[in-house]
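Here's a structure to walk through together. Have a look at it first, and then we'll go through some of its parts.

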Amino acid sequence: MKMKCLIIDDEPLAQRVIEKYAEEIPSLDLAGKCNNALDALEILEEQRIDLVFLDINMPKLSGLEFLRSLKHPPMVIITTAYAEFAIQGYELNVVDFLMKPFSMERFLKAVQKAEKLIHPQSRQAMKRSPSAEEEDQFIFVKSSKKTYRISLNDILYIEALGDYVKIYTSDRMIVSYQSMKNLEAILSPKQFPRIHKSFIVSLARIDMIEGNQVKLKDRYIPIGTNFKAEFEKLIRTI
């Protein structure tokens, strides 16, 4: 069954690019195009829309404000030129985040993610091969005046530092002005459990558990008393 999709973007050129890409994908059925989010509300009330390609910076109502206003939103793929909105987008459970200008190949990958979510048989296939899906997972993190794209596979652990967090990857450390709670809301607790008030770790990158510590590479990280029972429960279910 085809996915009915809707384009919401105030840029005519961006609309044409998405429309052209959508026409080349047999599983997509374009229901319409809107220049602003308010016009899109009427279409959503009148038709069943499975997937929305949503710009963020628009007049009258921003894409994120529009998304927050929906009680039962369809699947959403953000299309924007502003990387700093990525974290907010993922907090709203968007399917993917496309940075303009994006290629047909990248657009297709985003659509395929939506297909896996809407079709039950695809969900089962995704469960059978999680590693293939994890390769495409990433977050955007702002540090100073730059925004970094960090692959989830590269994250070793995250450490709280007052109003900041330190994100340690395989080859670097990034300091970002945000709370641990904000990252907890973005990251899967099964992949990235919080094992201490000051630490979130990547379960896949743990080399060893010894007493009340976990070892990741050459670093030992304590397991907090208030987090130990939940962490041990998670380990037993794997």
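**Charged pairs and a sheet**

Let's start with Arg48, which is partly exposed at 46% relative accessibility (buried means under 20% relative accessible area, exposed over 50%, partly exposed in between, with a 1.4 Å probe and protein chains only). Its side chain meets that of Asp50 in a salt bridge, 2.8 Å from N to O (a side-chain nitrogen of Lys or Arg within 4 Å of a carboxyl oxygen of Asp or Glu). Asp50, at 11%, counts as buried.

A quick word on the source: this is a predicted model, where local features need pLDDT of at least 70 and side-chain atom pairs count only at pLDDT 80 or more, while totals for chains, interfaces and linings use all residues. Residues are numbered from 1 along each chain as its sequence is written, and side-chain values use heavy atoms, leaving out hydrogens and water.

The structure holds 8 salt bridges. Another one of them joins Lys100 and Asp55, at 3.5 Å from N to O. Lys100 is buried at 18%, and Asp55 is buried too, at 2%.

Now for the sheet: 5 strands make an open, parallel sheet in the order 2-1-3-4-5 (strands are DSSP runs of E, at least two residues, numbered from the N terminus; two of them pair if DSSP finds at least two bridges between them). Strand 2 (28-34) and strand 5 (96-99) stand at the edges with a single partner strand each, so one side of each has no neighbour in the sheet. Strand 1 (residues 3-8) pairs with strand 2 over 6 bridges, and Leu6 has Gly32 in strand 2 as its bridge partner.

Definitions and conventions. Helix = DSSP H or I, 4+ residues; strand = E, 2+ residues; numbered from the N terminus.
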